[in-house]
Amino acid sequence: MSNSLEFPWLSALVLLPLLAAFGIPLLPQSRWARWYALAVGALDLGLMVYVFGRHYNLQDFSLQLAERYAWVPQIGLHWSLAVDGLSFPLVLLSGLITTLAMVAAWEVADKPRLFFFLLLMMYGAQVGVFLAQDLLLFFLMWEIELVPVYLLISIWGGPQRQYAATKFLLYTAAASIFILVGSLAMAFYGEGFSLEMAELGAKSYPLALQVLAYAAFLIAFGVKLPIFPFHTWLPDAHSEASAPISMILAGVLLKMGGYGLIRLNVGMLSEAHVSFAPVLAVLGTVNIIYGALGALGQNHLKRRLAYSSIAHMGFVLIGIATFTELGLNGALLQMISHGLIAAVLFFLTGITYERTHTLALDKLGGLAKQMPKTFALFTAGALASLALPGMSGFVGELTVLLGWTTSDAYAPAFKAGVALLAAVGLILTPIYLLSLLRQVFYGAQDPGLVLEEYLGDMRPREMAVALCLLLPILGIGLYPRLATQTYDVTTVAVAAQLRSVLPTEIVQRPLLPVQPAQVAALPPTD
């Protein structure tokens, strides 16, 4: 772990939005809340860029800018923060999307103080999840993030908002218990009690305990990612949440699940990962096919995009299962890419809803003439989502598939089956996305559709939000190193760690990439 600087930069990134949120009730006028929250969000984002640009070494794979303070030592809780290649890009993604969501929520008139207070609380908690190096602190930040999301959906959501918010809370809160179970199982094993990730990762665990902890974390992060069959909360949450909340939900919160899998399951439980990796590959394939078919069957615009997110997260699972640098690289790139793409699509969906007051695809149509700017940007976002070459979606999914097909950890038949089914998902994606564009923007306008003429097409503020998301999508698509340079050395180190516990003899039996007997015989890692 690299030595920290004298100034606690990472603590500032986490605490600035959390503490600043409590200043909102003190504002003399409620309409000032949006300016105040935006200033705090932009300041925190600017601080991220400064700190990482000035003090972060891209060539060092170890934890950097480390901070550790005893908080509640009686229960082993430390305020322990650090950043590496796994968290660096996701912290920036969180800062960018949450700040843009504040701009997208500019017109919120109902309880604006509470709305922006909750946004700032969620902002700080998200950053805390990605930077925490103490598992109890990680768990606390994970839980703090749940409450604002629940309230933001249940108060400012659609007609079924109470149902969607309650379902979200029940699923994610119940799953969070498994983080605590897995953490405590690891902390109590061996001599001494510690919840520091570095100390837990240095312990040698019996395979049975690793499998137990891995399964617990997989359930917790699988609900958040989400993995089939723990996905059912997501379409409901998206369909009822307002556009700014859907931006954060798809752009940041789902990525917390992928981050947790790489940080804890892969990084700390490598031997168990050898047994579970084929399961992740199968679940990823199921996500891709099920999500694509589910999207095809949706008549609700946001529900179709929600199922699309489930499909795209399947590629993250396959990338994590590859045991290759290329695959892990692709998994992270897919998370970054999907975060940007999903955020812009849900934002543009919100603009469409503000003008039409409906998201039913069979009631839309012919909007291209009335809303040409929205049509153009929506088309760009959809093309990025269907992996058009030159955009980030193409690079992310291609990297995952290359990492999978070049992996030597699996039988050829198993690799071919997963690759073939993933390719089917790639074929289904343009079908449901181009169909969406046709139903919303082409053809004749529904006679019963009444547009809010005074709103017109996209305004400058809305254009700015969309372009701030589309430009990185295009930039990463044309020059992937904009993103990959932030985590290249880290994924190399993680892949090397995985391959050190991988059996030397590759099993040739179909659908059984690694024999359990071989896994059980592996020596413990220090």
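Visitor: Why is Phe115 called buried?

Guide: This is a predicted model. In it, Phe115 has a relative accessible area of 1%; buried means under 20%, so Phe115 is buried.

Visitor: What makes Phe115 and Trp156 an aromatic pair, and why is the pair called edge-to-face?

Guide: The ring centres are 5.1 Å apart, and rings pair if their centres lie within 6.5 Å. The planes stand at 85°; over 60 degrees counts as edge-to-face, so that is the name for this pair. Phe115 belongs to helix 4 (residues 112-131) and Trp156 to helix 5 (residues 135-156), 41 residues apart, and the pair links distant parts of the chain.

Visitor: How do you know whether Trp156 is buried or exposed?

Guide: The relative accessible area of Trp156 is 13%. The limit for buried is under 20%, so Trp156 is buried.

Visitor: Why is the pair of Trp404 and Tyr410 called tilted?

Guide: The centres of these two rings are 4.7 Å apart, with the planes at 35°. Stacked needs under 30 degrees and edge-to-face over 60, so the pair of Trp404 and Tyr410 is tilted. Both residues are buried.

Visitor: What makes Arg34 a charge over the ring of Trp106?

Guide: Arg34 lies over the face of Trp106, 5.8 Å from the ring centre. The distance limit is within 6 Å, so Arg34 meets it.

Visitor: Which residues have the most contacts inside the largest nonpolar core?

Guide: They are Phe52, Phe138 and Met247, in a core of 190 residues. Helix 13 (residues 325-356) gives the largest share of this core, 16 residues. Phe138 also forms one aromatic cluster with Trp142, Phe217 and Phe221.

Definitions and conventions: Residues are numbered from 1 along each chain as its sequence is written. This is a predicted model: local features need pLDDT of at least 70, side-chain atom pairs count only at pLDDT 80 or more; totals for chains, interfaces and linings use all residues. Side-chain values use heavy atoms; hydrogens and water are left out. Rings of Phe, Tyr and Trp (its six-membered ring) pair if their centres lie within 6.5 Å; planes under 30 degrees apart count as stacked, over 60 as edge-to-face and the rest as tilted. Helices (H or I, at least four residues) and strands (E, at least two) are DSSP runs, numbered from the N terminus. Buried means under 20% relative accessible area, exposed over 50%, partly exposed in between (1.4 Å probe, protein chains only). A charge sits over a ring if NZ of Lys or CZ of Arg is within 6 Å of the ring centre and within 35 degrees of the ring normal. A nonpolar core is a set of buried Ala, Val, Leu, Ile, Met, Phe, Trp, Tyr and Cys residues joined through side-chain atoms within 4.5 Å.
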